[in-house]
Amino acid sequence: GAKAVAGVGVGGMFTWLSQGLASMARMGGQVQVAQCIGRGERQKAHGLAQTAMQLALLMGLAYGIIVALFANPLVGFFRLEDAETLRAALDYTRIACGCIVFSFLSVTLTGIYTAQGDSKTPFVANLFGLAANMILGPGPFPRFGAAGAAIATVLAQVIVSGIMLLGIFVQKKDNVLKGLRLFVKIPLEYVEEICKIGIPTALQGMAYCFISMILTRMVAGFGPEAIATQRVGGQIESISWNTADGFGAAMNAFIGQNYGAGKTERVKKGYWVSLWTVGIWGLLITLMFVCVPTPIASVFFHEKQAIATAVDYLIIVGFSEAFLCLEMMTVGALSGLGRTRLCSVISIAFTSLRIPLAIILSSSVLGILGIWWALTTTTMMKGIIFTCAFFIIMRKMTDAQRTDII
């Protein structure tokens, strides 16, 4: 029902917040390892990869303990009036966030594998994890409701991180994580290098989540169906943003290695290929959301009011899917160049615009639709600005190389 989905949606905000923090170790480790590999510095790449894993472990444990202890006031921020929704939110938050350390480890491992040009191992691991989640969620734990969903999610994360850790020792090919030791002294010089790249990305992700939390609090005023739509709508959109994020991760490693090796032309060609690919994919998703929203919404909702709300959401956000794909892919590309601070500034500035836009538009005759239009408008703006920023940076790099040659 919509109330259970709404509760999981609220609890999911805190798992989402954790991903912003986890991205510090992931992005910092991924970019630095990729650039070291491009320069042929394998030993340093190993040290950075190990440090990234140690940071992920420490931050995951700390975050889990804090959220589990303060779940009541944290969930209370959303002012949920329905008792069933509140109970579901608390159950999901305590379990999913209390064991979030496995998610921290899995996303960091994914980043380090990808930095080496190996996206197959993370794909296989996540495929098994997702399959386990789909089976465990409705299987052994349905009577536990939202708590069962959280248990299934945690077990899936254990499986994902376990497969990737196992891959370090069983793979025949060279892996910078071979000889991984988590319980040794953390080298401060590596921490500094990872933080230099990773902190802006972490701030960007966490700011994005904080803004979404404020918007969710606004959405809560329109009832459980609206919260459920925001939650499930974001999951439906994953067909575009997960694809774009995959290309962004690939571009991050590709550009990091080629930039480290000084191969600017390969950087530009790789970006163009990804630009066209994710752009076309985003347009296809737009057509699907705008033209056939009702069948999509009916897969996830059963109540007429919830379906109607979800249809409005899909149509409105559908117009921005191509821009969303361009934004996420380009963030990965710019991060590969080490420009995580620029990504953070652009993202935080324009995502923050959603709050005043949502307040103004939702106060008009648009109501809840005003919040959806605030999301779409700012996503379009970010897609355009990120793409322009990449081309400007590449032009400056090309001009600088020409000057050096002359």
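Mentor: Let us begin with a term: contact means that heavy atoms lie within 4.5 Å. This is a predicted model, in which local features need pLDDT of at least 70 and side-chain atom pairs count only at pLDDT 80 or more, while totals for chains, interfaces and linings use all residues. Residues are numbered from 1 along each chain as its sequence is written, and side-chain values use heavy atoms, with hydrogens and water left out.

Trainee: Leaving aside neighbours within four places in sequence, which residues is valine 33 in contact with?

Mentor: Val33 is listed with Tyr63, Leu177 and Trp372 as having the most contacts inside the largest nonpolar core, which has 80 residues. Such a core is a set of buried Ala, Val, Leu, Ile, Met, Phe, Trp, Tyr and Cys residues joined through side-chain atoms within 4.5 Å, where buried means under 20% relative accessible area, exposed over 50% and partly exposed in between, with a 1.4 Å probe and protein chains only. Once the neighbours within four places in sequence are set aside, the contacts of valine 33 are Ala45, Leu48, Ala49, Ala115 and Val176.

Trainee: Is tryptophan 276 buried or exposed?

Mentor: Tryptophan 276 is placed in helix α11, helices being DSSP runs (H or I, at least four residues) numbered from the N terminus. Because its relative accessibility is 56%, tryptophan 276 counts as exposed.

Trainee: How are the rings of tyrosine 63 and phenylalanine 104 arranged, and what is the pair called?

Mentor: Rings of Phe, Tyr and Trp (its six-membered ring) pair if their centres lie within 6.5 Å, and planes under 30 degrees apart count as stacked, over 60 as edge-to-face and the rest as tilted; the whole structure holds seven such pairs. The centres of tyrosine 63 and phenylalanine 104 are 6.3 Å apart and their planes stand at 40°, so this pair is tilted.

Trainee: What is the name for the pair of tyrosine 271 and phenylalanine 391?

Mentor: Tyrosine 271 is buried, with a relative accessible area of 1%, whereas phenylalanine 391 is partly exposed at 30%. The pair links distant parts of the chain, with tyrosine 271 in helix α11 and phenylalanine 391 in helix α17 (residues 368-405), 120 residues apart. With 5.5 Å from centre to centre and 85° between the planes, their arrangement is edge-to-face.

Trainee: How many residues apart in sequence are the parts that glutamate 327 and lysine 382 tie together?

Mentor: The side chains of glutamate 327 and lysine 382 meet in a salt bridge at 3.3 Å, N to O, the term meaning a side-chain nitrogen of Lys or Arg within 4 Å of a carboxyl oxygen of Asp or Glu. Glutamate 327 is buried, with a relative accessible area of 7%, and lysine 382 is buried too, at 0%. Because glutamate 327 lies in helix α14 (residues 321-336) and lysine 382 in helix α17, the parts tied together are 55 residues apart.

Trainee: Glutamate 265 forms a salt bridge with lysine 268, so how far apart are the closest N and O atoms?

Mentor: Both residues lie in helix α11, three residues apart, which is about one turn of the helix. Glutamate 265 is partly exposed at 46% relative accessible area, and lysine 268 is partly exposed at 22%. The closest N and O atoms of glutamate 265 and lysine 268 are separated by 3.0 Å.

Definitions and conventions:
Helix = DSSP H or I, 4+ residues; strand = E, 2+ residues; numbered from the N terminus.
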